[in-house]
Amino acid sequence: MKTQLLVLSLILICMSGYKNKDKNTSIPIIFETDMGNDVDDALALDMLYKYKEAGRVNFLMMGTNKKSEYSAGYLDIMNTWYGHDIPIGVVINGSDIDNSDNFVRATCELQKDGKPVFDRTVKNHNQFPKAVELYRKTLASQPDHSVYIVSVGFSTNLARLLDTPADKY
């Protein structure tokens, strides 16, 4: 975890000094996460939302590389809470580290009077697109060499993205 925090900190420090040639543009960002193992991902997500709201980043998408409905569900809760509509892609056959007792599951399952406490945009986990396909679609819509990927966690989606052949995107 210390390594992940160090890498993320360095990326965010570099971004803080990043100079766009065009001052009216923001940095295109994709956030790749194993949300739920520990809190570093949640803090990184909060920072990216703040950068988006300040106009410093163009938050294009999120990919969860953890096979867990709670991981994607938590990202959707956060999107809804912050009032953003950032697409979320889910891994297929990714890491299945036990989520039986962590903050993402607790957040997703928290209820009051039999109803979820936190609103969501996506009601069914099966509605989330596959991460690699969402990556291809998102990256195809951006200029070459323009997107920064902030990865906190496993590299499953990124490795699979690199292995994909040409497609409709």
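**Figure 1. Helices and strands of the protein chain.** The protein chain holds six helices and six strands, where helices (H or I, at least four residues) and strands (E, at least two) are DSSP runs numbered from the N terminus. Read along the sequence, these elements follow the pattern α-β-α-β-α-β-α-β-β-α-β-α. The model is predicted, and for this reason local features need pLDDT of at least 70 and side-chain atom pairs count only at pLDDT 80 or more, while totals for chains, interfaces and linings use all residues. Residues are numbered from 1 along each chain as its sequence is written, and side-chain values use heavy atoms, with hydrogens and water left out. Of the 169 residues of the protein chain, 41% count as buried; buried means under 20% relative accessible area, exposed means over 50%, and partly exposed lies in between (1.4 Å probe, protein chains only). Among the contacts in the protein chain with a separation of 6 or more, 81% join residues 24 or more positions apart, a contact being heavy atoms within 4.5 Å.

**Figure 2. The aromatic pair of Tyr 74 and Phe 103.** A search of the whole structure finds four aromatic pairs; rings of Phe, Tyr and Trp (its six-membered ring) pair if their centres lie within 6.5 Å, and planes under 30 degrees apart count as stacked, over 60 as edge-to-face and the rest as tilted. One of these is formed by Tyr 74 and Phe 103, which are edge-to-face at 5.4 Å centre to centre, with 90° between the planes. This pair links distant parts of the chain, since Tyr 74 is in helix H3 and Phe 103 in helix H4, 29 residues apart. Tyr 74 counts as buried at 9% relative accessibility, whereas Phe 103, at 26%, counts as partly exposed.

**Figure 3. The aromatic pair of Trp 81 and Phe 118.** The ring centres of Trp 81 and Phe 118 are 6.0 Å apart and their planes stand at 75°, so this pair is edge-to-face. Because Trp 81 lies in helix H3 and Phe 118 in the loop between strand E5 (115–116) and helix H5 (131–140), the pair ties together parts that are 37 residues apart in sequence. Trp 81 is exposed, with a relative accessible area of 63%, while Phe 118 counts as partly exposed at 24%.

**Figure 4. The lining of the largest pocket.** Residues that line the largest pocket include Glu 69, Tyr 70, Cys 108, Arg 120 and His 125. The elements that give two or more residues to this lining are helix H3 (69–82) and helix H4 (103–109), and the largest share, three residues, comes from H3.

Figure 5. Gly 36 and Ile 97 are 61 residues apart in sequence, yet 9.3 Å apart in space, C-alpha to C-alpha. Asp 113, in the loop between strand E4 (111–112) and E5, has a positive phi of about 55° although it is not a glycine, and Asp 113 is exposed, with a relative accessible area of 74%. His 145, which has its place in the loop between H5 and strand E6 (148–152), also is a residue other than glycine with a positive phi, near 60°, and His 145 counts as exposed at 85% relative accessibility.

Conventions:
On a 1 Å grid over the protein atoms alone, a cavity is a set of points where a 1.4 Å probe fits but cannot get out, and a pocket is an open set with protein on both sides within 12 Å along at least five of seven lines; lining residues have an atom within 4 Å of a point.
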